[in-house]
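Subject: Structure for you to look at

Dear colleague,

I am handing over the structure we spoke about, together with some notes on what turned up in it. Please open it alongside this message as you read.

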Amino acid sequence: MDAAAHWQRYQDWLYYHEGLELYLDISRMGFDDAFVSQMQPKFEKAFADMEALENGAIANPDENRMVGHYWLRNPEIAPRDELKQEILENIERIENFARKIHGGEIHPPKASKFTDVLSIGIGGSALGPQFVSEALSPDFPPMNLHFIDNTDPAGIDSLLARIRDRLSTTLVLVISKSGGTPDTRNGAIEVQKAFEANGLDFSGHAVAITGHESALEKQALSEGWVATFPMHDWVGGRTSEMSAVGLVPAALQGIDIRALLAGAKAMDEATRRWELKENPAALLALSWYYAGNGRGEKDMVILPYKDSLLLFSRYLQQLVMESLGKEKDLDGNTVYQGIAVYGNKGSTDQHAYVQQLREGVPNFFATFIEVLEERRGTSPEVEPGVTTGDYLFGFLYGTREALYENQRDSITVTVPQVDARTVGALIALYDRAVGFYASLVNINAYHQPGVEAGKKAAAQVLQLQKQVVEILQKSAQPLSLEELAVRAGVGDRVEMIYKIVRHLDANGRGVKIEGNPRTPSSLHISAR
Ligand SMILES: O=P(O)(O)OC[C@H]1O[C@](O)(CO)[C@@H](O)[C@@H]1O
């Protein structure tokens with residue numbers, strides 16, 4: 001294609017949202033008109049599916065649930081009046097809560113004001129708040145926000161060490177839709193113990209954001225925690241940023257949650273259009289389908305050229321991969337769907353993996369995110385007539401060109417600046433695109449059956465660990481791994497038994513291993 005044809009294609013496919021001043025350019029994806037015509041009927045179905053979903057259909061058939069995150073930013077479209085009222089009241093409650101916390105009206109038991117927020121949650125109960133905080137936190141926020149998003153003891157220690165001096169003025173958010181996720185529960189228990197060890201009453205510091213009647217809600221109510229906020233069963237974890245899950249931490253950090261919701265609402269309106277070219281989420285889904293032949297054959301590399309959008313790829317990783325990574329389609333056929341997502345930020349990645357993107361295995365398509373505003377205020381020159389922002393801009397378009405020259409396709413999303421409205425719009429753009437893509441490939445985007453397998457297997461490992469400890473404590477002499485496995489009734493799982501005793505030994509947990517680690521079969525295991 002020559003330069004004039006490129007320019008024409010750019011104009012033919014350019015999407016622009018006037019209110020949001022957002023551009024979407026898919027002209028560097030190599031599809032042709034025949035492909036678009038062939039996709040048209042699939043899109044008719046995707047638009048119809050989405051309309052039904054927004055109207056309250058059971059869009060998540062496996063869990064028999066409505067999918068209502070779109071109502072959160074536009075309560076007017078909620079299918080029932082009581083839902084609408086509840087959403088509106090919650091937003092007000094969250095704003096009032098943040099105001100009272102900031103003003104000291106709600107304060108810690110032993111101090112006049114909360115200074116810090118510690119958010120404990122994982123997956124959808126962490127990634128949205130982390131992304132939004134990184135993108136939008138003011139330089140000097142009214143409260144510092146910290147996260148525990150793993151059951152990693154060293155990670156918890158490190159965080160607690162950093163806030164030790166301010167524990168007495170730290171507000172703890174425990175965020176879990178199910179209220180039973182072990183990682184989150186463990187974090188909460190350890191933090192509660194840290195409070196107690198410092199003579200502090202945890203319940204006077206703790207807030208629960210969780211589903212109705214979950215174990216977490218019951219605990220919060222019975223222990224008299226500072227507050228509880230609801231997470232509705234019609235909001236999925238990975239699309240919960242605009243529920244209390246995202247809004248409470250954001251409001252506490254001083255982020256304009258009304259603007260976040262307004263940006264998402266404006267994008268939702270745009271992505272309700274049935275004309276493919278007028279619907280940015282449909283254009284994204286079309287591009288993804290084209291890139292990977294509707295089978296996820298190419299990975300999605302997300303490259304925001306802006307430090308504050310660093311966590312966007314991590315946020316999208318869960319949104320896209322947990323939603324689209326499915327073994328079965330809606331008719332029960334085995335399809336192994338999904339799109340792998342990774343990314344970091346430009347131009348930093350230019351000095352890391354862009355080498356492979358340009359010259360290596362062509363198994364991806366890139367998405368550049370461009371922010372027009374360099375910074376608030378003017379930029380000094382680093383060379384005559386050139387700013388650091390010019391370099392960032394040059395690197396983005398240079399990389400886009402270099403990739404295209406080597407037959408690597410890309411999408412470019414351009415936003416005017418990073419603010420609450422644009423971030424809300426970006427979140428809404430991608431969650432709608434995921435919904436459309438799921439319809440195109442006929443899968444349920446709103447469940448995550450695969451996650452359960454790992455959780456069940458982990459529970460079995462912990463059960464086996466208890467058994468191993470008991471057997472060793474009762475045994476008069478050291479046992480070999482094979483003997484231990486047989487006594488535990490799992491003669492075929494010697495390797496797992498080995499991993500368990502090695503873990504216990506390494507952590508001084510009452511197990512001793514003697515012998516040469518190079519030949520595990522020769523080892524002798526005993527209770528310490
Ligand atoms: O909010 P919860 O119930 O603790 O779940 C956390 C995350 O765990 C998952 O269920 C996967 O294990 C995600 O879908 C979810 O976002």
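A salt bridge here means a side-chain nitrogen of Lys or Arg within 4 Å of a carboxyl oxygen of Asp or Glu. Please keep in mind that this is a predicted model.

With that cut-off in hand, glutamate 241 deserves a look: this residue is buried yet has no salt bridge, and the nearest side chain of opposite charge, that of arginine 73, is 9.3 Å away. Glutamate 241 is placed in the loop that runs between strand 7 (227–231) and helix 9 (244–252), and, leaving aside residues up to four places away in sequence, it touches Gly128, Pro129, Val132, Gly246, Leu247, Leu260, Tyr315 and Ile427.

Because phenylalanine 131 belongs to helix 5 (residues 127–136) and tyrosine 315 to helix 12 (residues 312–324), the pair ties together parts that are 184 residues apart in sequence. Phenylalanine 131 is buried, with a relative accessible area of 0%, and tyrosine 315 is buried as well, with a value of 3%. Both rings belong to a cluster linked by ring pairs, whose members include Trp13, Phe31, Trp288 and Tyr437.

Finally, there are two arginines to inspect over tyrosine rings: arginine 28 lies over the face of tyrosine 404, at 4.5 Å from the ring centre, while the charged end of arginine 432 sits over the ring of tyrosine 70, 4.1 Å from its centre.

Technical notes:
Residues numbered from 1 in each chain as written. Predicted model: local features only at pLDDT ≥ 70, side-chain atom pairs only at ≥ 80, totals over all residues. Heavy atoms only, no water. Helix = DSSP H or I, 4+ residues; strand = E, 2+ residues; numbered from the N terminus. Buried < 20%, exposed > 50% of the residue type's maximum accessible area, 1.4 Å probe, protein only. Lys, Arg positive; Asp, Glu negative; His and termini not counted. Contact = heavy atoms within 4.5 Å. Phe/Tyr/Trp six-rings, centres within 6.5 Å; stacked < 30°, edge-to-face > 60°. Lys NZ or Arg CZ within 6 Å of the ring centre and 35° of its normal.
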